Amino acid sequence: MLYIHLCNHCSRFHILNGHKTHCPICDSPLQEMKLDFLNYTQMNEAERENYKRKVQTSNR
């Protein structure tokens with residue numbers, strides 16, 4: 001199964017199989033999103049950016 005993860009260090013979404021814990025780019029901890037893959041693929045770029053900002057703001 002594919003899961004959406006966010007690396008706050010890279011400020012980037014990753015679509016990864018399984019429940020990964022570290023970013024494949026920078027090895028920082030990942031945050032697994034509650035957003036499912038199908039909903040993510042239906043979002044446009046602006047919606048994805050808004051979602052990312054909302055998640056990052058709620059983590060502060």
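**Close-up views of a predicted model**

**View 1. The largest nonpolar core has 9 residues: Ile4, Leu6, Phe13, Met33, Leu35, Tyr40, Met43, Tyr51 and Val55.** Strand 1 (2-7) and helix 2 (45-58) each supply at least two residues of this core. A nonpolar core here is a set of buried Ala, Val, Leu, Ile, Met, Phe, Trp, Tyr and Cys residues joined through side-chain atoms within 4.5 Å. Buried means under 20% relative accessible area, exposed over 50%, and partly exposed in between (1.4 Å probe, protein chains only). Helices (H or I, at least four residues) and strands (E, at least two) are DSSP runs, numbered from the N terminus. This is a predicted model, so local features need pLDDT of at least 70 and side-chain atom pairs count only at pLDDT 80 or more, while totals for chains, interfaces and linings use all residues. Residues are numbered from 1 along each chain as its sequence is written, and side-chain values use heavy atoms, with hydrogens and water left out.

**View 2. Strand 1 meets strand 2 (residues 12-17) in an antiparallel pairing over 6 bridges.** Strands pair if DSSP finds at least two bridges between them. Here Leu6 stands opposite Phe13 in strand 2. In this hairpin, 4 residues lie between the strands, and Ser11 takes a positive phi near 55°.

**View 3. Beyond its neighbours within four places in sequence, Phe13 is in contact (heavy atoms within 4.5 Å) with residues including Ile4, Met33, Tyr40 and Tyr51.**

**View 4. Leu30 lies in strand 3 (residues 30-32).** Leu30 is buried, with a relative accessible area of 14%. Neighbours within four places aside, Leu30 is in contact with residues including Leu6, Cys7, Leu16 and Cys23.
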